[in-house]
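Here is a friendly walk through the charged and aromatic contacts of the structure shown below. Please keep the 3D view open as you read.

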Amino acid sequence: MSDFDWSSIPGALPYLWIGMKTTLQITAVAVVAGIVWGTLLAMLRLSTLPALSWFAVSYVNLFRSVPLVMVLLWFFLLVPQLLQAAFGLSATTDVRLVSAMVGFSLFESAYYSEIIRAGIQSVSSGQVAAAYALGMTYRQTMRLVILPQAFRNMVPLLLTQGIILFQDTSLVYVIALPDFFGAAYNVGNRDGRLTELLLFAGAVYFAICYSASMLVRRFQKRIS
Amino acid sequence: MISIKHVSKFYGSFQVLSDCSTEVRKGEVIVVCGPSGSGKSTLIKCVNGLEPFQQGEIVVDSVSVGDPETNLNKLRARLGMVFQNFELFPHMRVMENLVIAQIKVLGRSRDDAVHKGMALLDRVGLRAQAEKFPGQLSGGQQQRVAIARALAMDPICMLFDEPTSALDPEMINEVLDVMVELAQEGMTMMVVTHEMGFARNVADRVIFMDLGRIVEDDKKEEFFDTPRSERAQQFLAKILSH
(Lines give C-alpha, C1' and ligand atoms only; values in the text may rest on other atoms or scores of the structure.)
Protein backbone atom coordinates (compact mmCIF):
# COMPACT_ATOMS: atom_id res chain seq x y z
CA MET A 1 0.00 0.00 0.00
CA SER A 2 2.84 2.38 0.81
CA ASP A 3 3.82 2.23 -2.85
CA PHE A 4 0.70 4.09 -3.89
CA ASP A 5 1.29 7.61 -5.00
CA TRP A 6 -1.85 9.73 -5.25
CA SER A 7 -0.07 12.97 -5.98
CA SER A 8 -1.06 13.14 -9.63
CA ILE A 9 -4.77 13.35 -8.80
CA PRO A 10 -5.13 16.92 -7.42
CA GLY A 11 -3.52 18.49 -10.45
CA ALA A 12 -5.62 16.38 -12.79
CA LEU A 13 -8.96 17.28 -11.20
CA PRO A 14 -9.94 19.95 -13.77
CA TYR A 15 -9.31 17.48 -16.59
CA LEU A 16 -11.18 14.72 -14.72
CA TRP A 17 -14.07 17.13 -14.21
CA ILE A 18 -14.29 17.73 -17.95
CA GLY A 19 -14.50 13.95 -18.36
CA MET A 20 -17.21 13.78 -15.70
CA LYS A 21 -19.18 16.42 -17.57
CA THR A 22 -19.03 14.28 -20.71
CA THR A 23 -20.24 11.28 -18.71
CA LEU A 24 -23.12 13.27 -17.25
CA GLN A 25 -24.04 14.73 -20.64
CA ILE A 26 -24.26 11.32 -22.26
CA THR A 27 -26.23 9.94 -19.32
CA ALA A 28 -28.69 12.84 -19.31
CA VAL A 29 -29.28 12.75 -23.06
CA ALA A 30 -29.66 8.97 -23.14
CA VAL A 31 -32.08 8.97 -20.17
CA VAL A 32 -34.31 11.67 -21.64
CA ALA A 33 -34.20 10.45 -25.24
CA GLY A 34 -34.42 6.83 -24.08
CA ILE A 35 -37.57 7.51 -22.06
CA VAL A 36 -39.23 9.52 -24.81
CA TRP A 37 -38.44 7.00 -27.57
CA GLY A 38 -39.03 4.13 -25.13
CA THR A 39 -42.51 5.46 -24.36
CA LEU A 40 -43.32 5.58 -28.06
CA LEU A 41 -41.98 2.06 -28.52
CA ALA A 42 -44.07 0.82 -25.61
CA MET A 43 -47.20 2.38 -27.13
CA LEU A 44 -46.39 0.85 -30.52
CA ARG A 45 -45.87 -2.49 -28.85
CA LEU A 46 -49.29 -2.28 -27.20
CA SER A 47 -50.92 -1.11 -30.42
CA THR A 48 -53.65 -3.23 -31.94
CA LEU A 49 -52.10 -2.77 -35.39
CA PRO A 50 -49.87 -5.83 -35.96
CA ALA A 51 -47.31 -3.95 -38.08
CA LEU A 52 -46.65 -1.36 -35.37
CA SER A 53 -46.34 -3.87 -32.59
CA TRP A 54 -44.14 -6.08 -34.75
CA PHE A 55 -41.80 -3.17 -35.37
CA ALA A 56 -41.52 -2.43 -31.64
CA VAL A 57 -40.95 -6.07 -30.74
CA SER A 58 -38.23 -6.43 -33.37
CA TYR A 59 -36.54 -3.23 -32.30
CA VAL A 60 -36.45 -4.25 -28.65
CA ASN A 61 -35.25 -7.77 -29.44
CA LEU A 62 -32.53 -6.47 -31.74
CA PHE A 63 -31.05 -4.05 -29.24
CA ARG A 64 -31.36 -6.43 -26.34
CA SER A 65 -29.50 -9.12 -28.25
CA VAL A 66 -26.36 -7.25 -29.21
CA PRO A 67 -23.55 -6.06 -26.93
CA LEU A 68 -23.63 -2.38 -26.07
CA VAL A 69 -19.99 -1.99 -27.08
CA MET A 70 -20.87 -3.09 -30.56
CA VAL A 71 -23.79 -0.68 -30.80
CA LEU A 72 -21.45 2.15 -29.82
CA LEU A 73 -18.98 1.18 -32.50
CA TRP A 74 -21.69 0.87 -35.13
CA PHE A 75 -22.91 4.34 -34.45
CA PHE A 76 -19.41 5.71 -34.30
CA LEU A 77 -18.87 4.38 -37.80
CA LEU A 78 -22.37 5.19 -39.02
CA VAL A 79 -23.09 8.67 -37.66
CA PRO A 80 -20.35 10.47 -39.66
CA GLN A 81 -21.75 9.07 -42.87
CA LEU A 82 -25.27 10.01 -41.89
CA LEU A 83 -24.25 13.54 -40.99
CA GLN A 84 -22.29 13.80 -44.17
CA ALA A 85 -25.24 12.68 -46.19
CA ALA A 86 -27.75 14.81 -44.33
CA PHE A 87 -25.87 18.05 -43.69
CA GLY A 88 -22.86 17.81 -45.95
CA LEU A 89 -20.46 17.78 -42.99
CA SER A 90 -16.97 16.58 -43.69
CA ALA A 91 -16.22 13.05 -42.61
CA THR A 92 -13.43 14.27 -40.34
CA THR A 93 -15.77 16.20 -37.98
CA ASP A 94 -15.44 14.92 -34.42
CA VAL A 95 -18.63 12.96 -33.91
CA ARG A 96 -17.57 10.83 -30.97
CA LEU A 97 -19.84 12.60 -28.46
CA VAL A 98 -22.83 12.77 -30.79
CA SER A 99 -22.48 9.18 -31.90
CA ALA A 100 -22.18 8.04 -28.28
CA MET A 101 -25.35 9.96 -27.41
CA VAL A 102 -27.24 8.48 -30.35
CA GLY A 103 -25.99 4.96 -29.64
CA PHE A 104 -26.83 5.07 -25.95
CA SER A 105 -30.25 6.64 -26.55
CA LEU A 106 -31.30 4.02 -29.08
CA PHE A 107 -29.89 1.19 -26.98
CA GLU A 108 -31.40 2.34 -23.70
CA SER A 109 -34.78 3.01 -25.28
CA ALA A 110 -35.15 -0.75 -25.81
CA TYR A 111 -34.76 -1.30 -22.07
CA TYR A 112 -36.86 1.70 -21.13
CA SER A 113 -39.67 0.60 -23.42
CA GLU A 114 -39.97 -2.70 -21.57
CA ILE A 115 -40.14 -0.91 -18.21
CA ILE A 116 -42.69 1.53 -19.58
CA ARG A 117 -44.79 -1.19 -21.18
CA ALA A 118 -45.03 -2.95 -17.83
CA GLY A 119 -45.93 0.39 -16.25
CA ILE A 120 -48.72 1.04 -18.75
CA GLN A 121 -50.08 -2.45 -18.23
CA SER A 122 -50.01 -1.95 -14.47
CA VAL A 123 -52.74 0.70 -14.82
CA SER A 124 -56.12 -1.02 -14.65
CA SER A 125 -58.16 -1.29 -17.83
CA GLY A 126 -61.04 0.30 -15.93
CA GLN A 127 -59.15 3.57 -16.06
CA VAL A 128 -59.08 3.40 -19.85
CA ALA A 129 -62.80 2.64 -19.90
CA ALA A 130 -63.50 5.59 -17.57
CA ALA A 131 -61.49 7.97 -19.75
CA TYR A 132 -63.19 6.73 -22.93
CA ALA A 133 -66.59 6.94 -21.26
CA LEU A 134 -65.94 10.66 -20.70
CA GLY A 135 -65.36 11.08 -24.42
CA MET A 136 -61.58 11.27 -24.33
CA THR A 137 -59.62 10.24 -27.41
CA TYR A 138 -56.88 7.60 -27.30
CA ARG A 139 -54.23 10.30 -27.10
CA GLN A 140 -55.96 12.19 -24.31
CA THR A 141 -56.50 8.95 -22.41
CA MET A 142 -52.81 8.09 -22.67
CA ARG A 143 -51.50 11.55 -21.91
CA LEU A 144 -53.89 12.59 -19.13
CA VAL A 145 -54.85 9.33 -17.46
CA ILE A 146 -52.65 6.32 -18.20
CA LEU A 147 -49.09 7.63 -18.61
CA PRO A 148 -49.08 9.83 -15.49
CA GLN A 149 -50.11 6.82 -13.39
CA ALA A 150 -47.75 4.49 -15.23
CA PHE A 151 -44.78 6.80 -14.73
CA ARG A 152 -45.52 7.19 -11.06
CA ASN A 153 -45.32 3.41 -10.67
CA MET A 154 -42.19 3.27 -12.77
CA VAL A 155 -40.04 6.09 -11.40
CA PRO A 156 -37.85 3.85 -9.19
CA LEU A 157 -37.19 1.44 -12.07
CA LEU A 158 -36.45 4.26 -14.49
CA LEU A 159 -34.01 5.84 -12.05
CA THR A 160 -32.30 2.52 -11.40
CA GLN A 161 -31.91 2.03 -15.13
CA GLY A 162 -30.40 5.54 -15.26
CA ILE A 163 -27.81 4.53 -12.65
CA ILE A 164 -26.86 1.47 -14.69
CA LEU A 165 -26.59 3.68 -17.73
CA PHE A 166 -24.32 6.08 -15.85
CA GLN A 167 -21.90 3.21 -15.26
CA ASP A 168 -22.23 1.88 -18.79
CA THR A 169 -21.19 5.20 -20.29
CA SER A 170 -17.60 4.19 -19.42
CA LEU A 171 -17.81 1.95 -22.49
CA VAL A 172 -17.22 4.99 -24.67
CA TYR A 173 -13.54 4.20 -24.27
CA VAL A 174 -13.96 2.02 -27.37
CA ILE A 175 -14.49 5.14 -29.45
CA ALA A 176 -11.70 6.99 -27.62
CA LEU A 177 -14.06 9.53 -26.10
CA PRO A 178 -12.57 10.79 -22.82
CA ASP A 179 -15.43 10.52 -20.36
CA PHE A 180 -14.66 10.38 -16.65
CA PHE A 181 -13.29 6.85 -16.86
CA GLY A 182 -11.33 7.68 -20.03
CA ALA A 183 -9.92 10.84 -18.48
CA ALA A 184 -8.77 8.93 -15.41
CA TYR A 185 -7.19 6.34 -17.64
CA ASN A 186 -5.38 8.99 -19.67
CA VAL A 187 -3.97 10.70 -16.58
CA GLY A 188 -2.88 7.40 -15.08
CA ASN A 189 -1.20 6.39 -18.27
CA ARG A 190 0.59 9.71 -18.61
CA ASP A 191 1.92 9.68 -15.04
CA GLY A 192 2.53 5.94 -14.78
CA ARG A 193 -0.06 5.81 -11.99
CA LEU A 194 -2.78 3.80 -13.67
CA THR A 195 -3.67 1.72 -10.61
CA GLU A 196 -4.18 4.76 -8.39
CA LEU A 197 -6.23 6.62 -10.96
CA LEU A 198 -8.49 3.66 -11.70
CA LEU A 199 -8.98 3.02 -7.97
CA PHE A 200 -9.90 6.67 -7.56
CA ALA A 201 -12.28 6.58 -10.54
CA GLY A 202 -13.88 3.39 -9.20
CA ALA A 203 -14.38 5.05 -5.81
CA VAL A 204 -16.06 8.04 -7.44
CA TYR A 205 -18.38 5.82 -9.53
CA PHE A 206 -19.21 3.83 -6.41
CA ALA A 207 -19.92 6.90 -4.29
CA ILE A 208 -22.22 8.42 -6.94
CA CYS A 209 -24.10 5.24 -7.83
CA TYR A 210 -24.45 4.03 -4.25
CA SER A 211 -25.82 7.32 -2.98
CA ALA A 212 -28.12 7.59 -5.99
CA SER A 213 -29.55 4.13 -5.40
CA MET A 214 -30.01 5.01 -1.71
CA LEU A 215 -32.03 8.04 -2.79
CA VAL A 216 -34.10 5.86 -5.11
CA ARG A 217 -34.79 3.43 -2.30
CA ARG A 218 -35.89 6.22 0.00
CA PHE A 219 -38.07 7.68 -2.70
CA GLN A 220 -39.59 4.25 -3.34
CA LYS A 221 -40.52 3.91 0.33
CA ARG A 222 -42.11 7.33 0.30
CA ILE A 223 -44.41 6.68 -2.64
CA SER A 224 -45.48 3.18 -1.62
CA MET B 1 -83.62 7.67 -26.94
CA ILE B 2 -81.78 4.34 -26.88
CA SER B 3 -82.91 1.58 -29.17
CA ILE B 4 -81.27 -1.83 -29.02
CA LYS B 5 -82.23 -4.14 -31.87
CA HIS B 6 -81.26 -7.82 -32.20
CA VAL B 7 -77.82 -7.30 -30.65
CA SER B 8 -75.52 -10.30 -30.41
CA LYS B 9 -71.95 -10.35 -29.17
CA PHE B 10 -69.34 -13.09 -29.21
CA TYR B 11 -66.00 -13.62 -27.51
CA GLY B 12 -64.55 -15.96 -30.08
CA SER B 13 -67.11 -18.71 -30.32
CA PHE B 14 -68.64 -17.91 -26.93
CA GLN B 15 -71.85 -15.94 -27.22
CA VAL B 16 -72.26 -13.34 -24.46
CA LEU B 17 -75.32 -11.58 -25.88
CA SER B 18 -78.00 -13.25 -27.97
CA ASP B 19 -80.50 -11.26 -29.94
CA CYS B 20 -81.11 -8.56 -27.33
CA SER B 21 -83.74 -5.95 -28.16
CA THR B 22 -85.19 -3.19 -26.02
CA GLU B 23 -85.91 0.49 -25.96
CA VAL B 24 -85.21 3.28 -23.47
CA ARG B 25 -87.36 6.36 -23.88
CA LYS B 26 -86.46 9.85 -22.73
CA GLY B 27 -86.88 10.23 -18.99
CA GLU B 28 -87.26 6.52 -18.38
CA VAL B 29 -85.42 4.65 -15.66
CA ILE B 30 -84.61 1.09 -16.66
CA VAL B 31 -83.15 -1.41 -14.21
CA VAL B 32 -81.25 -4.33 -15.71
CA CYS B 33 -80.83 -7.31 -13.41
CA GLY B 34 -79.97 -10.96 -13.60
CA PRO B 35 -77.47 -13.50 -12.29
CA SER B 36 -73.76 -12.82 -12.74
CA GLY B 37 -72.53 -13.75 -16.18
CA SER B 38 -75.91 -13.03 -17.70
CA GLY B 39 -74.47 -10.28 -19.91
CA LYS B 40 -76.09 -7.28 -18.27
CA SER B 41 -72.85 -5.31 -17.82
CA THR B 42 -71.80 -6.21 -21.34
CA LEU B 43 -75.11 -4.97 -22.73
CA ILE B 44 -74.81 -1.60 -21.00
CA LYS B 45 -71.20 -1.24 -22.20
CA CYS B 46 -72.35 -1.87 -25.76
CA VAL B 47 -74.62 1.17 -25.49
CA ASN B 48 -71.67 3.60 -25.33
CA GLY B 49 -69.41 1.47 -27.49
CA LEU B 50 -67.00 0.42 -24.74
CA GLU B 51 -67.73 -3.13 -25.86
CA PRO B 52 -68.07 -3.84 -29.57
CA PHE B 53 -70.85 -6.12 -30.78
CA GLN B 54 -71.01 -8.18 -33.92
CA GLN B 55 -74.70 -8.29 -34.84
CA GLY B 56 -77.67 -6.01 -34.52
CA GLU B 57 -77.96 -2.29 -34.08
CA ILE B 58 -77.86 0.18 -31.19
CA VAL B 59 -79.05 3.70 -31.88
CA VAL B 60 -78.56 6.44 -29.28
CA ASP B 61 -80.28 9.76 -30.00
CA SER B 62 -80.31 8.83 -33.72
CA VAL B 63 -76.59 7.96 -33.75
CA SER B 64 -75.74 4.36 -34.63
CA VAL B 65 -73.18 3.05 -32.13
CA GLY B 66 -71.93 0.16 -34.26
CA ASP B 67 -71.43 2.23 -37.41
CA PRO B 68 -67.68 2.57 -38.10
CA GLU B 69 -68.35 6.11 -39.32
CA THR B 70 -69.68 7.18 -35.94
CA ASN B 71 -67.43 9.37 -33.81
CA LEU B 72 -67.64 7.32 -30.62
CA ASN B 73 -65.77 9.90 -28.56
CA LYS B 74 -68.41 12.47 -29.36
CA LEU B 75 -71.20 10.08 -28.53
CA ARG B 76 -69.62 8.95 -25.26
CA ALA B 77 -69.18 12.54 -24.15
CA ARG B 78 -72.98 12.79 -24.17
CA LEU B 79 -73.55 9.59 -22.20
CA GLY B 80 -72.60 9.49 -18.53
CA MET B 81 -71.23 6.24 -17.19
CA VAL B 82 -70.67 5.10 -13.61
CA PHE B 83 -68.58 2.00 -12.92
CA GLN B 84 -68.64 -0.66 -10.25
CA ASN B 85 -65.12 0.27 -9.10
CA PHE B 86 -65.66 4.06 -9.39
CA GLU B 87 -62.61 4.49 -11.65
CA LEU B 88 -61.83 7.99 -10.47
CA PHE B 89 -58.42 9.12 -11.69
CA PRO B 90 -56.28 8.51 -8.58
CA HIS B 91 -53.53 10.93 -9.54
CA MET B 92 -55.92 13.88 -9.74
CA ARG B 93 -57.70 15.75 -6.99
CA VAL B 94 -61.47 15.42 -6.81
CA MET B 95 -62.01 18.77 -8.52
CA GLU B 96 -59.56 17.91 -11.30
CA ASN B 97 -61.47 14.66 -11.85
CA LEU B 98 -64.59 16.75 -12.35
CA VAL B 99 -63.12 19.36 -14.68
CA ILE B 100 -60.61 17.49 -16.83
CA ALA B 101 -63.06 16.14 -19.41
CA GLN B 102 -65.16 19.31 -19.37
CA ILE B 103 -62.06 21.23 -20.43
CA LYS B 104 -60.35 18.70 -22.70
CA VAL B 105 -63.41 17.13 -24.31
CA LEU B 106 -66.09 19.81 -24.22
CA GLY B 107 -63.69 22.74 -24.50
CA ARG B 108 -65.14 24.63 -21.53
CA SER B 109 -63.05 27.27 -19.80
CA ARG B 110 -61.49 26.24 -16.50
CA ASP B 111 -63.62 28.77 -14.63
CA ASP B 112 -66.86 27.41 -16.07
CA ALA B 113 -65.75 23.84 -15.44
CA VAL B 114 -64.82 24.52 -11.81
CA HIS B 115 -68.08 26.38 -11.28
CA LYS B 116 -70.01 23.43 -12.64
CA GLY B 117 -67.87 20.98 -10.66
CA MET B 118 -68.48 22.83 -7.42
CA ALA B 119 -72.23 22.91 -7.99
CA LEU B 120 -72.25 19.17 -8.58
CA LEU B 121 -70.08 18.42 -5.56
CA ASP B 122 -72.53 20.46 -3.55
CA ARG B 123 -75.35 18.41 -4.94
CA VAL B 124 -73.75 15.08 -3.93
CA GLY B 125 -72.79 16.58 -0.56
CA LEU B 126 -69.03 16.57 -1.04
CA ARG B 127 -68.10 20.22 -1.48
CA ALA B 128 -65.58 19.98 1.36
CA GLN B 129 -63.67 17.19 -0.38
CA ALA B 130 -62.83 19.09 -3.58
CA GLU B 131 -59.10 19.30 -2.91
CA LYS B 132 -58.66 15.73 -1.68
CA PHE B 133 -57.37 12.82 -3.71
CA PRO B 134 -59.80 9.95 -4.42
CA GLY B 135 -57.74 7.59 -2.24
CA GLN B 136 -58.56 9.75 0.77
CA LEU B 137 -62.32 9.26 0.36
CA SER B 138 -64.57 6.37 1.38
CA GLY B 139 -66.03 4.12 -1.31
CA GLY B 140 -69.42 5.79 -1.07
CA GLN B 141 -67.88 9.22 -1.40
CA GLN B 142 -65.80 8.11 -4.38
CA GLN B 143 -68.86 6.77 -6.14
CA ARG B 144 -70.72 10.02 -5.52
CA VAL B 145 -67.78 11.91 -7.02
CA ALA B 146 -67.88 9.53 -9.99
CA ILE B 147 -71.57 10.32 -10.50
CA ALA B 148 -70.80 14.04 -10.29
CA ARG B 149 -67.99 13.58 -12.81
CA ALA B 150 -70.38 11.97 -15.27
CA LEU B 151 -73.04 14.63 -14.67
CA ALA B 152 -70.52 17.40 -15.30
CA MET B 153 -70.66 16.50 -18.99
CA ASP B 154 -74.40 17.30 -19.10
CA PRO B 155 -75.25 13.82 -20.36
CA ILE B 156 -78.48 13.05 -22.16
CA CYS B 157 -78.57 9.69 -20.38
CA MET B 158 -76.75 8.00 -17.50
CA LEU B 159 -75.51 4.42 -17.57
CA PHE B 160 -74.79 2.73 -14.24
CA ASP B 161 -72.84 -0.52 -14.16
CA GLU B 162 -73.46 -2.12 -10.73
CA PRO B 163 -72.74 1.17 -8.95
CA THR B 164 -73.16 -0.22 -5.44
CA SER B 165 -71.70 -3.72 -5.80
CA ALA B 166 -68.24 -2.76 -4.54
CA LEU B 167 -69.52 -0.76 -1.58
CA ASP B 168 -69.73 -1.57 2.10
CA PRO B 169 -73.38 -2.02 3.07
CA GLU B 170 -73.56 1.19 5.10
CA MET B 171 -72.41 3.22 2.10
CA ILE B 172 -74.89 1.87 -0.41
CA ASN B 173 -77.68 4.20 0.58
CA GLU B 174 -75.75 7.42 0.20
CA VAL B 175 -75.12 6.44 -3.42
CA LEU B 176 -78.67 5.22 -4.05
CA ASP B 177 -80.04 8.47 -2.60
CA VAL B 178 -78.15 10.44 -5.23
CA MET B 179 -79.43 8.11 -7.95
CA VAL B 180 -83.04 8.31 -6.75
CA GLU B 181 -82.86 12.09 -6.76
CA LEU B 182 -81.47 12.00 -10.28
CA ALA B 183 -84.28 9.72 -11.42
CA GLN B 184 -86.91 11.95 -9.87
CA GLU B 185 -85.48 14.93 -11.74
CA GLY B 186 -86.25 13.11 -14.96
CA MET B 187 -82.80 11.87 -16.00
CA THR B 188 -82.90 9.01 -18.47
CA MET B 189 -81.13 6.13 -16.75
CA MET B 190 -80.10 2.58 -17.50
CA VAL B 191 -79.00 0.89 -14.30
CA VAL B 192 -77.45 -2.54 -13.89
CA THR B 193 -78.01 -3.40 -10.25
CA HIS B 194 -79.15 -5.99 -7.75
CA GLU B 195 -80.76 -3.31 -5.58
CA MET B 196 -84.37 -4.39 -5.92
CA GLY B 197 -85.47 -1.68 -3.47
CA PHE B 198 -84.12 0.89 -5.90
CA ALA B 199 -85.90 -0.85 -8.76
CA ARG B 200 -89.22 -0.89 -6.89
CA ASN B 201 -88.84 2.77 -5.97
CA VAL B 202 -87.83 4.50 -9.15
CA ALA B 203 -87.66 2.10 -12.08
CA ASP B 204 -90.18 2.40 -14.87
CA ARG B 205 -89.23 -0.93 -16.35
CA VAL B 206 -87.15 -3.89 -15.30
CA ILE B 207 -85.14 -5.98 -17.74
CA PHE B 208 -84.16 -9.43 -16.56
CA MET B 209 -81.31 -11.17 -18.35
CA ASP B 210 -80.07 -14.72 -18.25
CA LEU B 211 -77.38 -16.42 -20.36
CA GLY B 212 -77.02 -13.42 -22.64
CA ARG B 213 -80.74 -13.11 -23.40
CA ILE B 214 -83.30 -10.58 -22.33
CA VAL B 215 -85.78 -12.88 -20.64
CA GLU B 216 -88.16 -10.28 -19.21
CA ASP B 217 -88.75 -6.68 -20.16
CA ASP B 218 -91.70 -5.51 -18.12
CA LYS B 219 -93.19 -2.61 -16.28
CA LYS B 220 -91.78 -2.93 -12.78
CA GLU B 221 -95.13 -3.80 -11.20
CA GLU B 222 -95.56 -6.72 -13.56
CA PHE B 223 -91.98 -7.83 -13.06
CA PHE B 224 -92.21 -7.96 -9.29
CA ASP B 225 -95.79 -9.20 -9.01
CA THR B 226 -96.20 -11.53 -11.93
CA PRO B 227 -92.89 -12.45 -13.53
CA ARG B 228 -93.59 -14.66 -16.51
CA SER B 229 -90.45 -16.71 -16.82
CA GLU B 230 -89.49 -19.39 -14.38
CA ARG B 231 -85.91 -18.10 -14.34
CA ALA B 232 -87.01 -14.65 -13.17
CA GLN B 233 -89.29 -16.20 -10.54
CA GLN B 234 -86.39 -18.20 -9.15
CA PHE B 235 -84.12 -15.16 -9.22
CA LEU B 236 -86.63 -12.99 -7.41
CA ALA B 237 -87.36 -15.70 -4.88
CA LYS B 238 -83.66 -15.93 -4.05
CA ILE B 239 -82.92 -12.26 -4.00
CA LEU B 240 -86.04 -11.22 -2.07
CA SER B 241 -86.16 -14.13 0.37
CA HIS B 242 -84.57 -12.20 3.24
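A residue is called exposed when its relative accessible area is over 50%, buried when that area is under 20%, and partly exposed in between. Please bear in mind that this is a predicted model.

**A charged patch on chain B**

With that cut-off in hand, take Asp225(B): its relative accessible area is 58%, so Asp225(B) counts as exposed. You will find Asp225(B) in helix α8 of chain B, which covers residues 220–225. Together with Asp204(B), Glu221(B) and Glu222(B), Asp225(B) forms a negative surface patch.

**Salt bridges**

Side chains of opposite charge can pair when their charged atoms come close. Over all chains, a search of the whole structure turns up 20 salt bridges.

| Salt bridge | N to O distance |
|---|---|
| Arg117(A) and Glu114(A) | 3.1 Å |
| Asp61(B) and Arg78(B) | 2.6 Å |
| Asp210(B) and Arg231(B) | 3.0 Å |

Let us begin with the pair in chain A. Arg117(A) and Glu114(A) both belong to helix α4 (residues 96–122), and because they are three residues apart there, about one helical turn separates them.

In chain B, the side chains of Asp61(B) and Arg78(B) meet at 2.6 Å, N to O. This pair links distant parts of the chain, 17 residues apart: Asp61(B) sits in the loop between β4 (55–60) and β5 (63–64), and Arg78(B) in the loop between α2 (72–77) and β6 (79–82). Asp61(B) is partly exposed, at 32% relative accessible area, and Arg78(B) is also partly exposed, at 32%.

Asp210(B) is part of strand β9 (residues 205–210) and Arg231(B) is part of helix α9 (residues 230–239), so their contact ties together parts of chain B that are 21 residues apart in sequence. Is Asp210(B) buried or exposed? With 13% relative accessibility, Asp210(B) counts as buried, while Arg231(B), at 28%, is partly exposed. Elsewhere, salt bridges with shared partners bring Arg25(B), Glu28(B), Arg205(B) and Asp217(B) into one network.

**Aromatic contacts**

How many aromatic pairs does a search of the whole structure find over all chains? The count is 14 aromatic pairs. One of these is the edge-to-face pair of Phe180(A) and Tyr205(A), with 5.6 Å centre to centre and 65° between the planes. Phe180(A) comes from helix α7 (residues 180–191) and Tyr205(A) from helix α8 (residues 194–223) of chain A, so far as sequence goes 25 residues apart, and the pair links distant parts of the chain. Phe180(A) is buried, with a relative accessible area of 4%, and Tyr205(A) counts as buried at 11%.

Another edge-to-face pair is made by Phe223(B) and Phe224(B), at 5.4 Å centre to centre with 75° between the planes. Phe223(B) has 0% relative accessibility and so counts as buried; Phe224(B) is buried as well, with a relative accessible area of 10%.

Back in chain A, one aromatic cluster is formed by Trp37(A), Phe55(A), Tyr59(A), Phe63(A), Phe107(A) and Tyr111(A).

How values were computed:
Residues are numbered from 1 along each chain as its sequence is written. Chains are lettered from A and ligands numbered from 1 in the order in which they are written. This is a predicted model: local features need pLDDT of at least 70, side-chain atom pairs count only at pLDDT 80 or more; totals for chains, interfaces and linings use all residues. Side-chain values use heavy atoms; hydrogens and water are left out. Patches are made of residues with over 30% relative accessible area and no salt bridge: like charges are joined within 9 Å, nonpolar side chains (Val, Leu, Ile, Met, Phe, Trp, Tyr) within 5 Å. Accessible areas come from the Shrake-Rupley method with a 1.4 Å probe; for residues, only the protein chains shown count as cover. A salt bridge is a side-chain nitrogen of Lys or Arg within 4 Å of a carboxyl oxygen of Asp or Glu. Lys and Arg count as positive and Asp and Glu as negative; His and the chain ends are not counted. The place of a charge is taken as NZ of Lys, CZ of Arg, CG of Asp or CD of Glu. Helices (H or I, at least four residues) and strands (E, at least two) are DSSP runs, numbered from the N terminus. Buried means under 20% relative accessible area, exposed over 50%, partly exposed in between (1.4 Å probe, protein chains only). Rings of Phe, Tyr and Trp (its six-membered ring) pair if their centres lie within 6.5 Å; planes under 30 degrees apart count as stacked, over 60 as edge-to-face and the rest as tilted.
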